[in-house]
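Here is a brief report on a set of strands and on one residue. Look at the model first, then read on.

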Amino acid sequence: MQTTLLGVAIALILALVAALVGPLLVDWGRFRPSIEAEASRLIGAPVRITGPIEAAILPSPVLILRGLEVGPSHASSSVQVRSLAVEMSLRSLVSGKWRAQELHLVGPNFNLGIDGSGNLALPPITPGFDPDQLSIERLNIEDGHAVLADSRSGSRITLDKLWFNGAVRSLTGPFKGDGAFVVGGDLYAYRVSAGRAEEGAVKVRLNIDPLEKPLAVEAEGMLSFAGATPRFDGAMTVSRPAGIALPNGQTFASDPWRLTSKVKASAASALFEGIEFQYGPEERAVRLTGTAELKFGDKPRFDGILAAAQVDFDRAFASAAAGRQLPFTALKTLGDSFSGAFR
């Protein structure tokens with residue numbers, strides 16, 4: 001009996017040693033074509049691995065890929081990633097399902113552009129792609145870089161130090177998470193959530209909070225695609241609080257304002273209906289209503305009409321420091337706040 005137990009113990013020890021040491025002795029590069037083919041099938045776009053491949057079995061299966069390219073080779077819409085580490089659920093693998101307990105992306109580089117027709121330049125989807133075959137319990141992105149370009153106007157915006165923490169039920173949603181990015185040296189925090197895409201449309205909710213500016217943006221509505229042309233139909237709120245504490249310890253005080261509106265937007269224009277703009281605190285607020293339209297393209301243009309039944313400038317803009325303002329100065333203050341919201 002003792003000899004049998006000793007034999008079982010030795011067998012278990014050898015199995016554990018093989019599981020720990022075995023992956024280090026395997027040339028995983030030999031499986032590069034198979035791994036690329038399976039990854040391409042899972043995400044619906046061509047995947048190429050240019051760097052080394054590592055793997056482990058215990059305590060759970062982990063695959064590390066370095067140097068990835070996603071999308072057609074040399075295409076402007078392709079995505080480059082410095083490294084990808086994925087920890088798989090062993091139970092799901094045994095049942096033939098792809099369920100990532102954690103997927104960690106480092107250094108993804110995105111390029112998203114709008115062509116002259118207002119279409120998004122996106123990698124083509126592989127025929128037969130099933131977006132429900134992959135789910136991610138924890139998705140972590142760090143040190144990302146994204147460039148958003150509009151070929152019609154030549155405008156570009158660059159997002160640096162992009163990071164995200166969230167969960168993705170499937171590649172068609174639902175998903176949710178939060179993160180931050182840097183634009184022009186300013187840090188912006190964001191929260192995003194989306195339901196499941198149905199018939200080419202998905203309900204999204206986005207909050208953006210500049211950490212170094214007294215501003216908050218919230219949008220909620222349906223995002224849809226007519227071919228490669230995006231459309232958004234929903235509502236947005238832009239607000240400035242009365243005061244904010246900056247990360248450097250300084251405080252910023254100003255008159256609060258709030259703008260709410262229904263929005264119908266495409267790559268060509270954005271229509272703002274039912275605008276309600278309130279400047280100042282409740283007890284002395286200026287309230288304006290109206291509509292506005294913003295045209296995109298090589299010659300951007302903004303047109304809007306705002307109206308108020310009555311405005312008491314003395315009450316709304318007087319302060320102990322500045323005293324009573326002249327009407328033109330008060331109008332300029334109001335106009336600068338409104339235009340700042342749309343910028």
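Which residue in β13 is the bridge partner of Ala216? It is Ser239. The model behind this pairing is predicted.

**The paired strands**

Ala216 belongs to strand β12, which covers residues 216–226. β12 pairs with both β11 and β13. Both pairings are antiparallel. The table sets them out.

| Strand pair | Residues of the partner of β12 | Bridges | Residues in the hairpin link |
|---|---|---|---|
| β11 and β12 | β11, residues 201–210 | eight bridges | five residues |
| β12 and β13 | β13, residues 229–240 | 11 bridges | two residues |

On the β13 side, the turn of the hairpin contains Gly227. The phi of Gly227 is positive, about 75 degrees.

**Ser266**

Now move to another strand. Ser266 sits in β16, which spans residues 257–266. Is Ser266 buried or exposed? It is buried, because its relative accessible area is 18% and the cut-off for buried is under 20%.

What does Ser266 touch, leaving aside residues up to four places away in sequence? The contacts are Pro230, Arg231 and Phe296.

Technical notes: Residues are numbered from 1 along each chain as its sequence is written. This is a predicted model: local features need pLDDT of at least 70, side-chain atom pairs count only at pLDDT 80 or more; totals for chains, interfaces and linings use all residues. Side-chain values use heavy atoms; hydrogens and water are left out. Two strands pair if DSSP finds at least two bridges between them. Helices (H or I, at least four residues) and strands (E, at least two) are DSSP runs, numbered from the N terminus. Buried means under 20% relative accessible area, exposed over 50%, partly exposed in between (1.4 Å probe, protein chains only). Contact means heavy atoms within 4.5 Å.
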